[in-house]
Amino acid sequence: MHSGQHPNYMIRKRVRIASITLITVTTFQIGLSSFAQQKPLPQNVSPVWGSAKYGTTQAAITTADSLKNKSQMAVAQGDFQPNWASLSQRNFPEWFQNAKFGIWAHWGPQAVPCYGDWYARNMYVENHGAYKAHLKKYGHPSEFGYKDVVNTWKADKFDADKLAQLTKKAGAKYFVALANHHDNFDCWNSKYQPWNSVNIGPKKDIVGLFKKAATKQGLRFGVSIHNINVWGWYDPCRGSDSTVTKAGIPYDGLQTIADGKGKWWEGYDPSDLYGPPHKGGQEGEQPSKAFMKNWLLRTKDLIDTYQPDILEFDQWWPSNIWRQWVKFDDITDANEVGNWVGMFILQHYFNQERKWHKGADEGIITLKGLKKESLGAATLVLERDYSKEIIPNTWQLEESMGDWFYQGEAAKYWSAARVVTTLAETVCRNGNLLLNVVLRPDGSVAGNQEATLLEVGRWLNTNGEAIYGSKPYKVMSEGPHRMKTRAEIKEEHLPNTPPVYTQEDIRFTTNKGAIYAIVLSQPTKEFSIKSVVGENVSSVELLGSKEKVNWKQTNDGLIVQPFHSTIQTELAVVYKIRLK
């Protein structure tokens, strides 16, 4: 038997999946013959997790629900169809344009090992640092795999209300919760994924608690969805060691529901977490229609249950089949509709949120690497990346105050100065900043991040008019330094660190007729604001200070003398420039 295969793999290969039939533009069903070997639930009984009688696989759950509800796969009908021309016929939500700053809890069971991002994959990569750390902390992945890690996540100090309050005090206007990551574990009371935070680990509806807390604080609420690439991301979990003492012994990614008998996970199928056995790699098998159907059902469930204002998709475009198989392109072949479940989700979400808001367009969906035709509907996201210039459409920067997941108590986190300069660098380019706050496995805020965010909040209390509701000026910046793009960092072999700003580094916004010059390092001597040459200036004010600003306008720019009084912050300072 070839390495990476399992006896159950051959059984799965013989299962045929019926073709997909389009019922209407907004309704589609996937045939159920692929689930014939699963015993369905009686029509008047809901799925029971951990029930040996009915099974707990995603296939059994979706089959049972389909027998009860023939329109299970239907998406919401309304004004929008599953193509970009239709989806773009909406008004872009003004609240998002004005908000500028959001906080993100990019938090889940991968925080538990204290080894940062992508742990659930890298712990199966022989000789990787995560693999070595796993051996030391838990044992071999054939005996204690990621499915066992998720059960150790207890979140015993998790306080959604406290984090929502911190978000508001930090000056953020929206809060985003991680719904699932590439590890495929749902952090909500998921109907179609038994491996979820209500059944296993914390025994809490993490997303639901965050939603309630955010609403209480008057914050907009979003969810981030990262399991688009599960099919290939988990390939290593079905491998084995090649050189050490357990060489050839499969990792737990090939275990079956039968292997759980008598163990804590009895009744749960590991393939529902890791994906079914299949030929992996970039040229490997494409996801099954059953797998894609399950993704659609889970995402629909998330949307309909929590009614989020933002759907944050961790989707790079163009996609790579082994990495991210959900397509967000116009449907061109109805026979391959299973690959286009992403478009049906967008259609469903936009029709639903218009109903929730009585005809208004309030919802945001974000994607990475957008094509031109999608810009009216989707919001561009740059992950730890910048543009060299102002982006015409509102976009969003994803950043984190540390690693994406907790790395232990020795980890370092951003200063308030870095948060403020990052916010200024983003807003001057017409963007919003979504900032991850790193949480410990128990749910508490790690390190000094809480104090940092409170300092940022104080800065925004003073200087918020330069940020909230602002628009870009005719130029975004002046000065010798700026944040470099990923491409520039790679091409120029630069360190991936922010520059050391000087008083010559200024970022610009406008709001209600005023120009705001955000000086990224507090000036200690006379300086010139060159970009306002040609403007007819009537007054200059230093936000947060009652001191009169000494200035004069010349052909070379606006000459400003440094201030002498004490202001409330040691961070960037903002000059408000009014025009005649």
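How many bridges pair β16 with strand β17 (residues 557–560), and in which sense? Four, and the sense is antiparallel. One of these residue pairs joins Trp551 to Val560 in β17.

A quick note on what you're looking at: this is a predicted model, where local features need pLDDT of at least 70, side-chain atom pairs count only at pLDDT 80 or more, and totals for chains, interfaces and linings use all residues. Residues are numbered from 1 along each chain as its sequence is written, and side-chain values use heavy atoms, with hydrogens and water left out.

Back to the sheet. Three strands make up an open sheet, ordered β14-β17-β16, with antiparallel pairing (two strands pair if DSSP finds at least two bridges between them; strands are DSSP E runs of at least two residues, helices H or I runs of at least four, numbered from the N terminus). β14 and β16 each have a single partner strand, so one side of each lacks a neighbour in the sheet.

| Edge strand | Residues |
|---|---|
| β14 | 527–529 |
| β16 | 551–554 |

On average, neighbouring strands here are turned by 25° against each other, direction ignored.

Now the helices. The axes (lines fitted to C-alpha atoms over the stretch in contact, with angles from 0 to 180 degrees between N-to-C directions) of α14 (residues 416–427) and α15 (residues 449–463) come within 9 Å and cross at roughly 50°. The contact (heavy atoms within 4.5 Å) involves Ala416, Val419, Val420 and Leu423 of α14, plus Thr452, Glu455, Val456, Trp459 and Leu460 of α15.
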